[in-house]
Amino acid sequence: MKKYLKLMRIHHYIKNGLIFTPLVFSGGLFNYNLLLKSLLGFLAFSLIASAIYIINDIQDVEQDRLHPTKCKRPLAANEISLTNAKVLAGVLIVVAIGINYFIAGNTIVAWVSLILYLVLNLAYSNGLKNLPIIDVAILVSGFVFRVLYGAGITGIEISNWLYLTVIAMSFYLGLGKRRNELIKQKNVSRKVLKYYNQGFLDKNMYMSLALTIAFYSLWTVDPVTIARLSNDYLVWTVPLVILICMKYSLNIEGDSDGDPVEVIIKDKILMGMVALFVFITLGIIYIW
């Protein structure tokens, strides 16, 4: 069972927390019906994501065997057969679509977000991952679709500034992943790396990071945000966001492989800073 959970990469479900973004920032976290929809949506999106990870591993199994860490994945290490992996991926997709039908009904935004996420990532696994810029754009779209999906299943409108924040931050994370893959592996395990160079990735990473902080700051002082929360205290979380970005950046420029989830869960200080940000933000939205 453990090897199948590893194949599904459940530790990456942390990224699906973005689905709760519309609910949390709307002040409706304690609305039972919306919370239940978000929880089930989290499950549906997680199952779809796991199916995509499995399909990607099937496609990359030979390349993964050449990678110093990916060679330990269940398929690359021959712990699970390709047939079993294909069956599991199919079952996960069917269950996810069933859950989505239950919570989303005919909501177009939710269906489009989920299906496009699946289709784009399948296309990514089947060749688009080898196209420079396009590969990073698809990684970014995954984060955006999570937010759109959360908004779709709950019927909550979300600020454009917040969308822009997610987009800019996603570009930073995606480019940072490519940067460290380039430094550590060159183009041995990922063909697209031959099109990139560190200077290009560094410049665009930090452009994206600066935009992330700028967009988030603009969201905190947006009159619509202030009116919705009935206070203007969120602006005081900007310094903490800057510190979190600096700490993440320090890790990226260290010995990290660049994977956002790995960077966060392996750094207790960074996890603590993120937890503090969440605690303060929830306090501002729901208490003050």
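User: Buried means under 20% relative accessible area, exposed over 50%, and partly exposed in between (1.4 Å probe, protein chains only). What percentage of the 288 residues in the chain is buried?

Analyst: This is a predicted model, in which local features need pLDDT of at least 70 and side-chain atom pairs count only at pLDDT 80 or more, while totals for chains, interfaces and linings use all residues. Residues are numbered from 1 along each chain as its sequence is written, and side-chain values use heavy atoms, with hydrogens and water left out. For the chain of 288 residues, the buried share is 51%.

User: How many helices does the chain have?

Analyst: Helices (H or I, at least four residues) and strands (E, at least two) are DSSP runs, numbered from the N terminus. Along the sequence, the pattern reads α-α-α-α-α-α-α-α-α-α-α-α. The chain has zero strands, and its helices number twelve.

User: What are the rough dimensions of the box filled by the C-alpha atoms?

Analyst: The box is taken along the principal axes of the chain. Its dimensions are roughly 55 × 45 × 30 Å.

User: Among contacts between residues at least 6 apart in sequence, what percentage joins residues at least 24 apart?

Analyst: A contact means heavy atoms within 4.5 Å. Of the contacts in the chain that link residues at least 6 apart, the share joining residues at least 24 apart is 71%.

User: Is Asp 135 buried or exposed?

Analyst: Asp 135 belongs to helix α6, which spans residues 134-154. Leaving aside residues up to four places away in sequence, Asp 135 touches Tyr 124, Leu 128, Lys 129, Arg 178, Val 192 and Tyr 196. Because its relative accessibility is 0%, Asp 135 counts as buried.

User: Which residues does Ile 167 touch, not counting residues up to four places away in sequence?

Analyst: Ile 167 sits in helix α7, residues 160-185. Its relative accessible area is 29%, so Ile 167 is partly exposed. Beyond those sequence neighbours, the residues that Ile 167 touches are Val 140 and Val 144.

User: How many Å apart in space are Ile 167 and Ile 115?

Analyst: In sequence, Ile 167 and Ile 115 are 52 residues apart. In space, taken C-alpha to C-alpha, their separation is 19 Å.

User: What is the relative accessibility of Tyr 233?

Analyst: Tyr 233 is located in the loop between α9 (223-229) and α10 (238-252). Tyr 233 counts as partly exposed because its relative accessibility is 37%.
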